[in-house]
Amino acid sequence: MKAIGYREPGPIERPDSLIEFELPQPVPQGRDLLVQVQAVSVNPVDTKVRRNAAPAAGETRVLGFDAVGVVHAVGGGVSLFEPGDVVWYAGAIDRPGSNSEFQLVDERIVGYAPRTLAPADAAALPLTGITAWELLFDRLQVPRAGSAEAERAEPATLLVVGAAGGVGSVLVQLARGLTDLVVVGTASRPETIAWATEMGAHHTVDHHQPLQAQIEALGVPPVRYVASLTQTDRHFAQIVELMAPQGRFALIDDPEPIDVRLLKRKSISLHWELMFTRSLFQTSDMIAQHDLLEELARLVDEETVRSTARAHYGRITAANLQRAHALQESGAAIGKTVLAGF
Ligand SMILES: NC(=O)c1ccc[n+]([C@@H]2O[C@H](COP(=O)([O-])OP(=O)(O)OC[C@H]3O[C@@H](n4cnc5c(N)ncnc54)[C@H](OP(=O)(O)O)[C@@H]3O)[C@@H](O)[C@H]2O)c1
């Protein structure tokens with residue numbers, strides 16, 4: 001089968017930064033599905049691993065942490081899916097990725113793909129959708145609209161830093177569609193302001209200007225929740241300053257050291273989200289990712305959540321993936337970049 005990977009870490013401009021090669025088709029065992037991949041998307045994790053992590057000597061590492069495909073074969077312990085099912089998933093950081101014609105993935109982190117989206121449009125959503133969902137509901141524990149807790153809760157604002165990026169685009173939609181929070185997203189360019197607004201942000205503020213004065217001018221409820229999706233070290237101190245006492249701050253990026261002592265005076269809690277944690281440690285609740293992908297697909301099919309695909313870069317080739325990595329590394333991505341077909 002055809003696969004795309006890299007042998008040595010390095011800049012994307014190097015001609016062999018990603019290469020096409022042949023691999024034997026793997027055989028599923030246990031709870032693994034063998035999926036024939038139809039479409040993928042590119043995330044910052046692809047570029048971080050490619051730049052920094054050397055594969056074992058003589059090996060070619062396959063990246064790709066978003067896929068839509070068709071179940072081709074199943075291991076003996078599989079109970080949730082059967083051959084022919086159309087599925088979506090992000091996969092695991094410690095296993096070969098989705099940039100290959102066939103991929104093994106544990107059924108507990110896989111869901112049925114939405115019926116109403118083309119594979120390329122659906123491939124934009126799994127990794128960022130899992131991240132946004134876990135951040136909002138597992139880490140920050142934001143009450144779902146209509147719940148008894150939401151009825152009791154005082155009006156509150158969620159600040160989303162990096163609202164037009166891959167994660168922000170779906171997080172804003174989930175917060176708007178499933179919670180009562182006022183959603184303020186940060187975006188700095190006309191096209192990202194327009195995109196974040198289209199995704200459902202009630203307001204946007206510019207992350208290159210002081211945030212507190214901009215948020216005060218909006219007259220929104222206190223900022224009790226923060227989703228800091230990028231550049232956390234740059235914004236941390238001013239965000240703590242503008243947050244409500246006893247608020248909750250979540251982050252997902254890889255910041256330079258931040259001074260968590262700033263949180264003490266307001267008793268603000270700090271929450272990390274890493275969407276690979278459940279699969280990496282095979283946690284007992286790993287199947288929560290299957291459940292949330294199923295719910296996300298339902299939300300897509302009932303048009304509460306839309307695809308965040310913004311750019312379609314053609315077929316899954318080394319050259320097209322190089323272009324997609326370069327866009328992702330520019331820091332100016334809007335929504336997601338997707339590729340389909342080998
Ligand atoms: N922990 C996890 O599970 C997890 C999962 C997914 C991603 N991540 C990490 O989360 C980060 C964001 O991922 P992503 O896919 O959403 O990124 P992305 O799509 O590359 O984000 C691009 C956005 O960042 C905004 N941005 C640029 N400079 C900024 C600044 N100084 N302050 C605030 N925003 C700024 C841009 O807005 P403007 O163009 O308007 O400036 C742009 O819309 C990455 O570090 C990624 O590795 C972690």
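This is a predicted model: local features need pLDDT of at least 70, side-chain atom pairs count only at pLDDT 80 or more; totals for chains, interfaces and linings use all residues.
Strands β13 (residues 248-251) and β14 run parallel and are joined by 4 bridges. The shell around the ligand takes at least three residues from each of two domains, domain 1 (2-125 + 284-340) and domain 2 (130-272).

- As a general rule, strands of a sheet pair through backbone hydrogen bonds, in either a parallel or an antiparallel way.

**The antiparallel sheet of three strands**

- Another open sheet consists of 3 strands in the order β2-β1-β4, with antiparallel pairing.
- Its edge strands are β2 (19-22) and β4 (61-62), and each of them pairs on one side only.
- Strand β1 (residues 2-6) runs antiparallel to β2, and 4 bridges join the two.
- Within this pair, Gly5 stands opposite Ile19 of β2.

**A strand pair with a helix between**

- Strand β15 (residues 309-312) pairs with strand β16 (residues 336-340) in the parallel sense, over 3 bridges.
- From β15 the chain crosses through helix α11 (residues 318-329) to β16, and this β-α-β crossover is right-handed.
- His312 has Val338 in β16 as its bridge partner.

**Around the ligand**

- The ligand is surrounded by 31 residues, of which Pro44, Gly165, Gly166, Thr192 and Ile252 are the closest.
- The largest share comes from α5, with 3 residues.
- By type, the shell divides into 13 nonpolar, 14 polar and 4 charged residues.

**A glycine in a loop**

- Gly91 has its place in the loop between β6 (86-89) and β7 (102-106).
- Gly91 counts as buried because it has 24 C-beta neighbours inside 10 Å, and the cut-off for a buried residue is 20 or more.
- Gly91 and Ala196 are 105 residues apart along the chain, and their C-alpha atoms are separated by 27 Å.

**Two glutamines with positive phi**

- Gln246 has a phi near 65°, a positive value in a residue other than glycine.
- The loop between α8 (232-242) and β13 contains Gln246.
- Gln246 counts as exposed because it has 11 C-beta neighbours inside 10 Å, and a residue is exposed with 12 or fewer.
- Gln282 likewise has a positive phi in a residue other than glycine, near 45°.
- The position of Gln282 is in the loop between α9 (277-280) and α10 (288-301).
- Since Gln282 has 10 C-beta neighbours inside 10 Å, Gln282 counts as exposed.

Technical notes
Residues are numbered from 1 along each chain as its sequence is written. A residue is near a molecule or strand if its C-beta atom, placed from the backbone, lies within 6 Å of it. Ala, Val, Leu, Ile, Met, Phe, Trp, Tyr, Cys and Pro count as nonpolar, Asp, Glu, Lys and Arg as charged, and the others, Gly among them, as polar. Domain bounds come from an automatic or database domain assignment. Two strands pair if DSSP finds at least two bridges between them. A crossover is right-handed if, with the strands pointing away from the viewer, the path from the first strand over the helix to the second runs clockwise.
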